[in-house]
Structures are given as structure tokens and as C-alpha cells.
Amino acid sequence: MNRTKISSISKKLWTTRTLAALVMAWNLSAAIPYMVNPDGSLHSFQVSGIGGASLIRGLGILFLMWQVPYIPVLIHPAKHRVAFLCILAMQLIGIVGESLMLWHLPDGNPGLFATGTRFLTFDTAGLVLLVIGYLIVRGIKHQDLESSS
């Protein structure tokens, strides 16, 4: 394989890694504060006390768990397409779920609406970035990966 093609593949891989890392960083920016300082988010979720703090800390743990499929995508997005499809599906599930939650939220809950809207906005932006990344590496053929290694 010629150097130009190897360089092109490398640029595509690094662009996609960057997009996935950005989404992962956004997710971790919620996970870590929820785990370390759950009391800071009690008001946003209209919960209180030890039960509320445990709920928020649990959300942080879930956010952290959801980052696992990002690791193989960051290592090599074109070789780990199944992991990539998993994170795309997770983002889409988040968007659909958050949309349904907002739709069923009764009037008079501006704090919950703002929190739900914030999650929906981040997940939608994340899905857009991840789809762009997936489309970038989708065209890389397996034989090209073998030749460029």
C-alpha cells in the first residue's frame, strides 16, 4: 500500500478517535462528579438525603460503566466496529429514553425539564459526532487495515 493511502487511513482513524474521545469525555464529566459529589446534583433531580445521594452516585457508576465500549473504539475504531455500533446504539437509546421522559414529565417541573433537556442535548450532540466518526472509518477495508499495520 502506498504512503498516501496509509496517511489517509491514519488521519481517518485519528479523527474518529478524537470524536469518540470527546463524547467519552463529556460522559465522564457527568460520571465523575455524580460519583464524587452526589450532593451537588440533588436539586437537579429533585431528590434529597442519603437515598437521593445514593441514586445520583448510582447514575455516576452507570455512566462510568457505559464507557467500557469506548475503549476498543479509541484503540482502533475501524477494527472494533461492533463496539462502535454498541456506542451508537447506546446514544440512540439515551436520546429516545430521554425524549420519552421529557414527554411524560408534567408541567411545573422546570428543574427536571432542564436536567432532561441537558442530557438530551449532550446525547444528541454525541450521537452526531459518533455517526460522523463511524462514517469516516466505515469505508476502510479490512485488507487496508492489514496492510497499514
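Helix packing and aromatic pairs

Trainee: How does α1 pass α5?
Mentor: The crossing of α1 with α5 is left-handed, that is, the near helix is turned anticlockwise from the far one by less than a right angle, whereas clockwise would be right-handed. Helices here are DSSP runs of H or I with at least four residues, strands are runs of E with at least two, and both are numbered from the N terminus.

Trainee: What kind of model is this?
Mentor: This is a predicted model, in which local features need pLDDT of at least 70, side-chain atom pairs count only at pLDDT 80 or more, and totals for chains, interfaces and linings use all residues. Residues are numbered from 1 along each chain as its sequence is written, and side-chain values use heavy atoms, with hydrogens and water left out.

Trainee: At what angle do α1 and α5 pack?
Mentor: They pack at about 160 degrees, with their axes 8 Å apart. Axes are lines fitted to C-alpha atoms, for helices over the stretch in contact, and angles run from 0 to 180 degrees between N-to-C directions. α1 is therefore roughly antiparallel to α5 (over 145 degrees; under 35 is roughly parallel, 65 to 115 roughly perpendicular and the rest oblique).

Trainee: And how do α4 and α5 cross?
Mentor: The axes of α4 (residues 81–104) and α5 (residues 110–138) come within 9 Å and cross at roughly 155 degrees. These two helices are therefore roughly antiparallel.

Trainee: Changing topic, how many aromatic pairs are there in the whole structure?
Mentor: A search finds 7 aromatic pairs. Rings of Phe, Tyr and Trp (its six-membered ring) pair if their centres lie within 6.5 Å; planes under 30 degrees apart are stacked, over 60 edge-to-face and the rest tilted. In one of the pairs, the rings of Trp 26 and Phe 122 have centres 5.7 Å apart and planes at 75 degrees, so the pair is edge-to-face.

Trainee: Which helices hold Trp 26 and Phe 122?
Mentor: Trp 26 lies in α1 (residues 3–36) and Phe 122 in α5, so the pair ties together parts that are 96 residues apart in sequence.

Trainee: Are Tyr 34 and Phe 45 buried or exposed?
Mentor: Both Tyr 34 and Phe 45 are buried, meaning under 20% relative accessible area, with exposed over 50% and partly exposed in between (1.4 Å probe, protein chains only). Ring pairs link Tyr 34 and Phe 45 with Phe 63, Trp 66 and Phe 119 into a cluster.

Trainee: Where does the charged end of Arg 118 sit?
Mentor: The charged end of Arg 118 sits over the ring of Phe 119, 5.7 Å from its centre. The criterion is NZ of Lys or CZ of Arg within 6 Å of the ring centre and within 35 degrees of the ring normal.
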